[in-house]
Amino acid sequence: MTKIKIAPSILSADFGTLRDEVSRLEAGGADYLHIDVMDGVFVPNISVGLPIVEAVRKITALPLDVHLMITRPENLLSAFIQAGADLLTIHSEATPNLHRALSAIRQAGKKAGIALNPGTPASGLDELLGEVDLVLVMTVNPGFGSQGLIPFTLEKVKKIRGLIDSSPARPELEVDGGIKLENVELLGRAGADVIVSGSGILTQSDYGRTISELRAKAQRARFPGNR
Ligand code: DX5
Ligand code: ZN
């Protein structure tokens with residue numbers, strides 16, 4: 001049985017006390033640390049870049065799940081790998097050279113993820129499932145934390161769960177955007193393996209407890225028979 005993973009997004013962290021935030025998340029049982037990189041072009045916002053990935057790499061042993069919301073990610077893959085990323089997720093909408101970029105990540109010995117915006121159909125995934133370690137389904141339009149989950153994306157998560165289950169490849173299915181204690185069951189039921197949550201965790205006083213509750217709720221919803 002798959003064990004659901006929780007990936008807190010540091011987009012909602014207090015960057016003035018980032019070391020403390022990261023250690024609270026790590027001590028709280030996070031499985032991955034999700035880092036949102038935005039370039040102001042692919043998405044209408046700018047967040048963090050290489051220096052933060054590098055700094056975080058030095059203060060945690062958690063796998064760094066780097067979500068690149070940038071155009072032409074292929075130009076910066078080696079820089080992010082050098083900075084310490086373990087898993088690099090690029091958007092299918094961000095480059096015409098998707099397969100080449102995904103292969104470059106794997107050739108460098110890192111895990112490759114492909115992300116789909118809410119409006120991007122699941123159909124393009126068929127050919128690439130064997131080439132990736134993770135599929136990220138955006139449940140909000142990328143660019144900002146604290147947005148509301150877009151309901152139609154749940155059907156897409158289910159559909160992609162089906163695609164993955166009927167393929168010999170077994171990439172993890174990650175979901176990102178607007179996920180919190182109140183709605184995490186919906187994502188578990190839809191078949192997610194990895195739950196990203198930013199404001200859903202970092203606005204709570206007890207990160208560890210929130211992470212455990214998110215995981216338990218998603219796990220029960222995903223595998224209702226196994227209690
Ligand atoms: C949105 C980012 C998300 C964001 C999620 O563009 O990709 O990872 O941090 O934040 P919440 O969980 O607050 O919606
Ligand atoms: Zn993200």
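Helix 1 is followed by Gly29, a residue with a positive phi, near 95°. The model described here is predicted.

Helix 1 itself spans residues 18-27, and its buried residues include Leu18, Glu21, Val22 and Leu25. Viewed down the helix axis, the buried residues fall within an arc of 95°, so they line one face of helix 1. Arg19 and Ala27, on the other side of helix 1, are exposed. The buried residues of helix 1 pack against two strands, strand 1 (5-8) and strand 2 (33-38), and also against helix 2 (50-59), helix 7 (199-202) and helix 8 (207-222).

Ligand 1 is surrounded by 20 residues, and the closest are Gly143, Asp176, Gly178, Gly198 and Ser199. Oxygen atoms of ligand 1 take part in several polar contacts with the protein. From the side chain of Ser9, a polar atom lies 2.9 Å from an oxygen atom of ligand 1. For His67, the distance from a polar side-chain atom to an oxygen atom of ligand 1 is 3.2 Å. Gly143 contributes through its backbone: an N or O atom there lies 2.7 Å from an oxygen atom of the ligand. On its own, ligand 1 has 380 Å² of accessible area, and the protein covers 100% of that area.

Lys159 belongs to helix 5, which runs over residues 153-165. This lysine has a relative accessible area of 57% and is therefore exposed, the cut-off for that class being over 50%. Between Lys159 and Leu129 there is a separation of 30 residues in sequence, and their C-alpha atoms are 13 Å apart in space.

How values were computed: Residues numbered from 1 in each chain as written. Chains lettered and ligands numbered in written order. Predicted model: local features only at pLDDT ≥ 70, side-chain atom pairs only at ≥ 80, totals over all residues. Heavy atoms only, no water. Helix = DSSP H or I, 4+ residues; strand = E, 2+ residues; numbered from the N terminus. Buried < 20%, exposed > 50% of the residue type's maximum accessible area, 1.4 Å probe, protein only. Arc of directions from axis to C-beta. Contact = heavy atoms within 4.5 Å. Near = heavy atom within 4 Å. Polar contact = N/O pair within 3.5 Å; in protein donor to acceptor, adjacent residues only side chain to side chain. Areas by Shrake-Rupley, 256 points an atom, 1.4 Å probe, with all protein chains shown as cover.
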